[in-house]
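Trainee: Here's a model I'd like to go through with you. Can you show me how the numbers lead to the words?

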Amino acid sequence: MLNMKDKMTTEDILALVPDYQGFYTVEEMDAKVRALCEAYPETIRGAVIGHSRKGFPIRSMTIGRGPKNALCFACPHPNEPIGMMTLLTLAEILGSHPAYTEETGFTWTLIPCVDPDGTRLNEGWFKGPFSILNYARSFYRPPGEAQVEWTFPIELPGYRFDQPLPETTALTALIDQLKPDFMFSLHNSAFGGAYWYVERADEALCRALQNAAVRQGIPLHLGEPEASYVPKWADAVFGSLTLTDMIEDIRARGGELPASGSCGGTSADYLRRVSGGQMMLAELPYFFDARIGDQSESGMSRGDALREGVRISRENYGILERYWDRVRPLFSPENPFFAFVDLCIAYHEADMEGKLALAASPEGERPALVSEVFDDLYCLRLPECLNLGLAARSCRYELARPERKSAAELACLKECEKSFDRELERLCAWLEENTDIEVISIRRLVSVQLESALVVTRALR
């Protein structure tokens, strides 16, 4: 039971965030939700909104009876459990402080884990040690068509997606029912700084979000933007990330549209159609180096930084693909680990060409900031580590089923697994040598996401 207090400041609320030493497993999360509903039966109303593809219940908690609706969901990407801890913390604070909950003016619906099946496949790193190597070795992420965040039904000129996952279907039904005034999709990056996607933002809101990270000593992510087509409201605060805007940008540039049905819309796409409410994604890293927030000039041109990043990336992908081409035919369809690597390899060269085109543009002639160089040369190596980790896990999955393989196939799987793991260790060691990595405590990460939610709901109120 938390200390009861009616009038609460942001500082009072953040003081209630526990000093978590690890992330909850899916089973621990589920038990915590049920325990919260039992502990605060008068304020927390539990429900099962649907089931995962493997039949696990997706639980929600509804708190308060305010005139506005806030819908918050975590783990839309299963390697991003910070939001799970944030929503469990928020549920306990709201559940034990009904006067404060009423003051917010919102009815809160919280879903701590919307993809329990995928989240289970990340649990190997949830208890630490928290290092890039350990994270990469137990990392899992599905391709777009199997991600809750990118499988919302959508129909655009020349593009259609109508195969949402069961988890997404449960979420869309809840959005249809609540028509949220505020929807919060809780994400996290891995290496870099804090940044947000917000449907609408004025100067005061941007400043308040930035201050939530500054309060916790976490730098803003001032390196490369994740997507060129989103508007920038302020440093580290961008407009919503949607398939609609991405396709419009591709059309404007005369590019080739993705194959219809290759992925769905985002939660922001769907909310625009249902209620037009305020949408936010909050991206927080596990690891950072202070250079990601350094706005001084680096001594390199923007083009040189981009070209050097491309050179390193092509070299690392060349190593990955050398072994991948040999072992990929040996993976069975039920192996969950290889599809994301396939996707990354398929789009890698187009991504590199886009960076080289930017390097050759007038933008490439200006001096590069330290944050941009750091992102190009170092932050963008982490996805390459994660691909190597998934490649090794793909091999281990097949090696656990030796009766289905010939002696030659097993030998190939063992050799490639060792090669992937060796390259992963090499790349992680290179990152350790060239960066000053700090592991951010879960308490600080939860505090930023928690304050971000309160900042937006306060603005809407």
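**From cavity to helices**

Mentor: N316, Y317, L320, E384, N387 and L388 line the largest cavity. This is a predicted model, where local features need pLDDT of at least 70 and side-chain atom pairs 80 or more, while totals for chains, interfaces and linings use all residues. Residues are numbered from 1 along each chain as its sequence is written, and side-chain values use heavy atoms, leaving out hydrogens and water.

Trainee: What makes a space a cavity, and what makes a residue part of a lining?

Mentor: On a 1 Å grid over the protein atoms alone, a cavity is a set of points where a 1.4 Å probe fits but cannot get out, and lining residues have an atom within 4 Å of a point. That rule gives 1 cavity of 30 Å³ or more. The largest cavity holds about 30 Å³ of space, where volume is the space filled by probe spheres set on grid points joined across faces, edges and corners.

Trainee: Which helices supply at least two residues each to that lining?

Mentor: They are α11 (302-327) and α14 (382-399). Helices here are DSSP runs (H or I, at least four residues; strands are E, at least two), numbered from the N terminus. The lining splits into 3 nonpolar, 2 polar and 1 charged. Nonpolar covers Ala, Val, Leu, Ile, Met, Phe, Trp, Tyr, Cys and Pro, charged covers Asp, Glu, Lys and Arg, and the others, Gly among them, are polar.

Trainee: Why are α11 and α14 called roughly parallel?

Mentor: Their axes cross at roughly 10 degrees and come within 11 Å. Axes are lines fitted to C-alpha atoms (for helices, over the stretch in contact), with angles from 0 to 180 degrees between N-to-C directions. Under 35 degrees is roughly parallel, over 145 roughly antiparallel, 65 to 115 roughly perpendicular, and the rest oblique. So α11 and α14 count as roughly parallel.

Trainee: Which residues meet there?

Mentor: S313, N316, Y317, L320, W324 and V327 in α11 are in contact (heavy atoms within 4.5 Å) with E384, N387, L388, A391, S394 and C395 in α14. That contact has 7 nonpolar, 4 polar and 1 charged residues.

Trainee: At what angle do α11 and α15 pack?

Mentor: Helix α15 (residues 407-434) packs with α11 at about 165 degrees, with the axes 9 Å apart. That makes the two roughly antiparallel. Their crossing is left-handed, a word used when the near helix is turned anticlockwise from the far one by less than a right angle (clockwise is right-handed). On the α11 side, the contact includes I312, N316 and I319; on the α15 side, it includes C412, L413 and W430. By class it has 12 nonpolar, 2 polar and 5 charged residues.

Trainee: And what makes α12 oblique to α14?

Mentor: Helix α12 (residues 339-360) and α14 pack at about 140 degrees, with axes 9 Å apart. That angle makes α12 oblique to α14. The crossing of α12 and α14 is left-handed. F340, V341 and C344 in α12 meet N387, L390 and A391 in α14, a contact of 5 nonpolar, 1 polar and no charged residues.

Trainee: How do you know that the bond joining G128 and P129 is cis?

Mentor: Omega is about 0 degrees there. P129 sits in the loop between α5 (116-120) and α6 (132-137).

Methods:
On a 1 Å grid over the protein atoms alone, a cavity is a set of points where a 1.4 Å probe fits but cannot get out, and a pocket is an open set with protein on both sides within 12 Å along at least five of seven lines; lining residues have an atom within 4 Å of a point.
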